[in-house]
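The following note sets out numbered remarks on the model shown below. Each point takes up one region or one aspect of the fold.

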Amino acid sequence: MYLNGCWKSNQNGRKKKSNCITLSQISVLFLRQKCLFNIKFYCMKKIRLTTRFAEDVLKGLSSTPKYLSSKYFYDDEGSRIFQKIMQMPEYYLTDCELEIFQKQRQKIYELFALNSKSFDLIELGAGDGIKTAILLEHFVGQDAAFEYMPIDISGEVVSKLTQMMSNRLPSLKINGKTGDYFEMMDAINRYDHCKKVLLFLGSNIGNFNEQEAHSFLVKLHAAMQKNDLLFIGFDLKKDSNVILKAYNDPQGYTAAFNLNLLKRMNRELRADFYLDNFEHEEFYDVATGRAESYLFSLKKQMVNFPDFHRNITFEKGESVFMEMSQKYDLEMINEMAKNSGFEVVRNFHDSRLYYVNSLWKVRTR
Ligand SMILES: C[S@@+](CC[C@H](N)C(=O)[O-])C[C@H]1O[C@@H](n2cnc3c(N)ncnc32)[C@H](O)[C@@H]1O
């Protein structure tokens, strides 16, 4: 293609080179530049994310005791396995939240829409959105004026969720975003053309330790205006057998979910974990309400990260802390709200009192 000039016909119909550029060539040039810029931007972003992933996992695996961050569980395969976990009968958390939404959606709607019928729903870590769809269907049926903005770290999750919601609710305004919600606080703050209701469901908050949960809630508080609301799912303390069954499932999905992070390191960081050399185990401490997931090394072994000139040694029986799932009581929930600048408006329980969805507002006093 000739891009520096163009060919023009002269009076004799003969083609002659000219230095002018036609409009269509300008747009080709523009699109090409834009495309190159997008590719460069995408590559830089990918390199930055891979580097951060490598730094985090190498830091965790070089520590004593070893740990990995559960936020890396959710590559596309991890998200698919998690969706299977949520559908297991043993994983009672899904059924509890579904029951709360099905039975109490009108009261939830009245409180979301109190003082202003129009609001925006921003869901952090939205997942498959199956539970949220119950609320959205109800809100659409009430002629509520709202936009739904699901945020998730997995691109596949966001595109499947957007597709599913658009099929189920064609009139819904949906504006999905892929990314880390920690890095989206400014964007959430700028989203202020009407009242916003932030959703943080599935007891995701329980994957943070006390300090992390506090600083996360303080950040959310800073991104909210005085009429905004926060709706959080909390898994409650209960019989330890019920809790342990949810994570030590007979189908082995939770083990696969944990081991998938080793697979992800093999694929994205060219590590050489041999998955059969690790085993998943879950523990629950009744006193603190902490459920903890670990991988144990079944033998003394070395894992290599050749691209980073690093290798990690595992002793036989050595543990890698993978994830915590905190279980709460109402006193802990009230304290968390108070300490991060919120006030509990209302708690919505399921019939077994296993779970609570707690609606918080920004404390003004
Ligand atoms: C435990 S699942 C819960 C999904 C959904 N909230 C529910 O209750 O069904 C956690 C979801 O959060 C997403 N996620 C995890 N860490 C995230 C982060 N830092 N930023 C954005 N999304 C995140 C995962 O991809 C996953 O879809």
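1. The buried residues of α8 are covered by elements that include α3 (92-112), α9 (253-269), β10 (278-285) and β11 (290-297). Contact is taken here as C-beta atoms, placed from the backbone, within 7 Å. Helix α8 itself spans residues 240-247, and its buried residues are Ile243, Ala246 and Tyr247. They lie on the same side of α8 because they cover an arc of only 90° around the axis, the arc being that of the directions from the helix axis to the C-beta atoms. A residue is called buried if 20 or more other C-beta atoms lie within 10 Å of its own, exposed if 12 or fewer, and partly exposed in between, with C-beta atoms placed from the backbone.

2. This is a predicted model, in which local features need pLDDT of at least 70 and side-chain atom pairs count only at pLDDT 80 or more, while totals for chains, interfaces and linings use all residues. Residues are numbered from 1 along each chain as its sequence is written. The protein averages a pLDDT (the predictor's confidence in each residue, from 0 to 100) of 89, and 87% of the residues score at least 70. Over residues 1-18 pLDDT stays under 50, and the model has 17 contacts beyond four places in sequence for this stretch.

3. The protein contains 10 helices and 16 strands; helices (H or I, at least four residues) and strands (E, at least two) are DSSP runs, numbered from the N terminus. Of its 365 residues, 33% count as buried. Among contacts with a separation of 6 or more, 71% are between residues 24 or more positions apart.

4. An open sheet of 4 strands has the order β3-β14-β11-β10, with mixed pairing. Its edge strands, β3 (66-67) and β10, each pair on one side only; two strands pair if DSSP finds at least two bridges between them. Strands β10 and β11 run antiparallel and are joined by 8 bridges, and Glu282 stands opposite Ser293 in β11.

5. A hairpin is formed by β12 and β13, with 4 residues between the strands, and His309 takes a positive phi near 50° there. The two strands, residues 301-305 and 310-314, run antiparallel and are joined by 5 bridges. Met302 stands opposite Thr313 in β13.

6. Most residues other than glycine have a negative phi, and most peptide bonds are trans. Asp143, in the loop between α4 (130-141) and β5, has a positive phi of about 60°; Asp143 is exposed, with 7 other C-beta atoms within 10 Å. Ser203, in the loop between β8 (195-200) and α7 (210-222), has a positive phi of about 55°, yet Ser203 is buried, with 22 other C-beta atoms within 10 Å. A cis peptide bond joins Thr64 and Pro65, with omega about -10°; Pro65 lies in the loop between α1 (23-62) and β3.

7. The ligand has 20 residues around it, of which Tyr74, Gly125, Gly127, Ile153 and Gly202 come nearest. A residue is near a molecule if its C-beta atom, placed from the backbone, lies within 6 Å of it. The shell divides into 10 nonpolar, 6 polar and 4 charged residues, where Ala, Val, Leu, Ile, Met, Phe, Trp, Tyr, Cys and Pro count as nonpolar, Asp, Glu, Lys and Arg as charged, and the others, Gly among them, as polar. Helix α2 (76-87) and strand β5 (145-152) each supply at least two residues of the shell, and α2 gives the largest share, 3 residues.

Definitions and conventions
Two residues are in contact if their C-beta atoms, placed from the backbone, lie within 7 Å.
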